Amino acid sequence: MTKPSLPDLLHAAVSAVGGTERPGQVTMAEAVAEAIDDNSHLLVQAGTGTGKSLGYLVPALAQGERVVVATATLALQRQLVERDLPRTVDALHPQLRRRPQFAMLKGRSNYLCLHRLHEGVPQDEEDGLFDPFEAAAPTSKLGQDLLRLRDWSDETETGDRDDLTPGVSDKAWAQVSVSSRECLGASKCAYGAECFAEAARERAKLADVVVTNHALLAIDAIEGAPVLPQHEVLIVDEAHELVSRVTGVATGELTPGQVNRAVRRSSKLVDEKVADQLQTAAEGFERVMELALPGRLEEIPEDLGYALMALRDAARAAITALGSTRDRSVQDEDAVRKQAMASVETVHGVAERITQGSEYDVVWYERHDRFGASVRVAPLTVSGLLREKLFTERSVVLASATLKLGGDFNGVGASLGLAPEGTTGDDLPVWKGIDVGSPFDYPKQGILYVAKHLSPPRRDGDRGDMLDELTELMQSAGGRTLGLFSSMRAAQLAAEELRTRVPELPILLQGEDTLGELIKNFAADPKTCLFGTLSLWQGVDVPGASCQLVVMDKIPFPRPDDPLMSARQKAVEEAGGNGFMAVAATHAALLMAQGAGRLVRATGDRGVVAVLDPRLATARYGSYLKASLPDFWYTTDRNQVRKSLAAIDAASKAAGA
C-alpha cells in the first residue's frame, strides 16, 4: 500500500474543519514532517490565520509515533481536543487506515478528588476532619458551589475543573482537589479505582496524541519523575510563552502564612519538642519578614539566613517525625499526614534552596498589599535546563505567531538553550527556524503609527500629551479601540481620564469584570473601547470592525526594579554580551509583536497600531523592535493617521458595523 502524500492528507483535514488551505500551512506541514523524519528540531513562526494547528497535527498524526502537544492557554487545548483533533482524525482515517486516539492530561489539582469530596478536608485549625458541606451555609456562595460540585461529581466523566460550567471559585475548588504531593496515591486511597486524575493518566498512556499544558511539561522536565507518557515527538504551541511558564514552575516562594499553615498541619502528628522547634522557627521567620523591603537580595541578609536555616532544620525534623509516627486517634490519618507532609516539604525545599545559595538562582523579597511579604527564589536562566531536558530524547517542534525577533530566531533560540542557527557541535541540538508568513496583506491592511512628537515616557512622570493623543485617536476611530498599557496603574488613570473626556465612548477596564465578559462586550459594540494590561496583550481575538485601533502607551520594557529581569540582564553583561538587547529588548519585542497581532485577525480587517512612545522612532533599538512587528505600512504623520482612522470608521459604518 502506498503511503498517502502529505498534501493530500492536509487537504482532507482542512476541508473537514471548513478551512481554506494556505501556502504557509503547506510549507509548515512539510517542515514539521522533515524535522520528525530527521529527528531534528524546528522553530516555526506561523502568523495569525495560517492554520498552524493543522500545520503540525497532520504531519504528526501521519508519522504514527506518539506525540505530546503542549499549549499555554486553556482555549487552545479545548480547540484541539474538541474541534481540531476529532475532525482531523475522521478526515484522515480513510487514507491512514487507522484512527489515532487522543487525550488531554493536566496536573492533578485540575481534577476533582473523590476522597476530598466524600471524606472532607483535613482542617488546619481543629483536630480531625472538617466537612465543608456541613460548615458552609447552603445559602452562601461557597455552600452553593460545594453543593453543585457534589452533584456534578455524579455526572461528570472527566472530573476536569474546566468541564464545569459555570465555574466555581478557587476557594470552593480547593475544598475538592489535591496537589500531587497531597495525594494519597491510588493504591492507598479508598477511591483510587474511580480517581479522575488516574483515569486521565491511563487515557494518556493509551493515546497516540496527548494534549497538555506548558506547566505540566515543565514539571515533567524539572522533577525527574515522569508525568507524561513516553513520546517520540513534542510539539510546543504558543511557544513564546514557554520560558516564562517553565520559570514559574521552577520558582520557589515562602510566606509567613504558608509556614504557619505547615506548623498547624504537622503539630498534631509530631511530638511536642519537634512541634515547638518548628513553631519557634516560624515565629523567627515572621519577624524577619515584617521588616522585608521589596527588591533583589544579592547576598542573603544575616537575619534572613539564620531564620531560613532554623526553618530548614525544624522542617527536616518534622519530616522525619511525620514519617515514623502513627496516631490512630486522628480521623483519616493518612490524608491528614499526607497534607502535613506536603506543606512541610515545601517549606524545607525552599528554605534549603535559598540557604545553599546557588549562583544560578536569584533571590528577592516581594510585598503584596493583601498577602504581605514573601521571599522568592527563581533560576537565573532556564536555557540549560530546557536544552538538557527538552531537546535530547525526541524531535521538538516549537510554533507561535511570534518567534522571530529583530529579523531572526536566535534571540528566542538562546532563551531555549539553543546555539545560533547553523552552529554545529557534539552536544548541540540541531535546529532550524522558518517563517511561513501570514495570509494577511499587512502593508495594505494595517498602519504602524509612532507618535514621534510626544515627550518620551518617564517613570511616574505626567503624560498629559499622551492622553491628548489617545483622545484624538479614539475619536477619529469612533471608539473601536484596544488600549494596551504597560502597567495597571497607567490603564486605570487613562480610563478615568478618558471616561470624562469622551463620555460618548464606553470604556471597559480590565479587572472590572471577567476577561471573557470584557472581551464579549468589547466585540459586541463598535463604539466600546477596552483598556488593560498584560493578559490583553496576548489574549484578545476580536476580528472585524470592533477592533480597528490598537494603542500601546509605551514600549513594554521590564520594570528596572524587576529582580529577575535585572539579574538576567546583569549576567549577560558580565559574560560580555549586551544585557539590554538580550533581555529587556527581547522581552519588549515579544510583547509588542503579540500586542500588534491583536489588530488583524481576518482577511477583511483594517486598522492602525499606534505606539505612543517616540523612542520606537528615535532610539537605536527602535529598528530591532520594528523588525519584530508585522510588516504594516509605517508613518509618524499624525494627520495622516487621523484621516485613515476616520475613513476606516466611515467604511465600517457604511457596511453596518
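This passage describes strand 2 of a predicted model, with attention to Val-68. The mean pLDDT of the protein is 90, and 95% of its residues reach 70 or more. Over residues 125-130, by contrast, the pLDDT is below 50, although this stretch has 17 contacts in the model beyond near neighbours in sequence.

Strand 2 spans residues 67-71 and includes Val-68. The strand is mostly covered, with five of its five residues buried. In a regular strand, side chains alternate between the two faces of the sheet. In strand 2, Val-67, Val-69 and Thr-71 lie on one side, Val-68 and Ala-70 lie on the other, and both faces are covered.

Two pairings involve this strand. Strand 2 pairs with strand 6 (residues 209-213) in the parallel sense over five bridges, and Val-67 stands opposite Val-209 of strand 6. A parallel pairing over four bridges also links strand 2 to strand 7 (residues 233-236), in which Val-236 is the residue opposite Ala-70.

Val-68 itself counts as buried because its relative accessibility is 0%, the cut-off being under 20%. When neighbours within four places in sequence are left aside, the contacts of Val-68 are Val-210, Thr-212, Leu-228, His-231, Val-233, Leu-234 and Ile-235.

Definitions and conventions:
Residues are numbered from 1 along each chain as its sequence is written. This is a predicted model: local features need pLDDT of at least 70, side-chain atom pairs count only at pLDDT 80 or more; totals for chains, interfaces and linings use all residues. Side-chain values use heavy atoms; hydrogens and water are left out. pLDDT is the predictor's confidence in each residue, from 0 to 100. Contact means heavy atoms within 4.5 Å. Buried means under 20% relative accessible area, exposed over 50%, partly exposed in between (1.4 Å probe, protein chains only). Two strands pair if DSSP finds at least two bridges between them.
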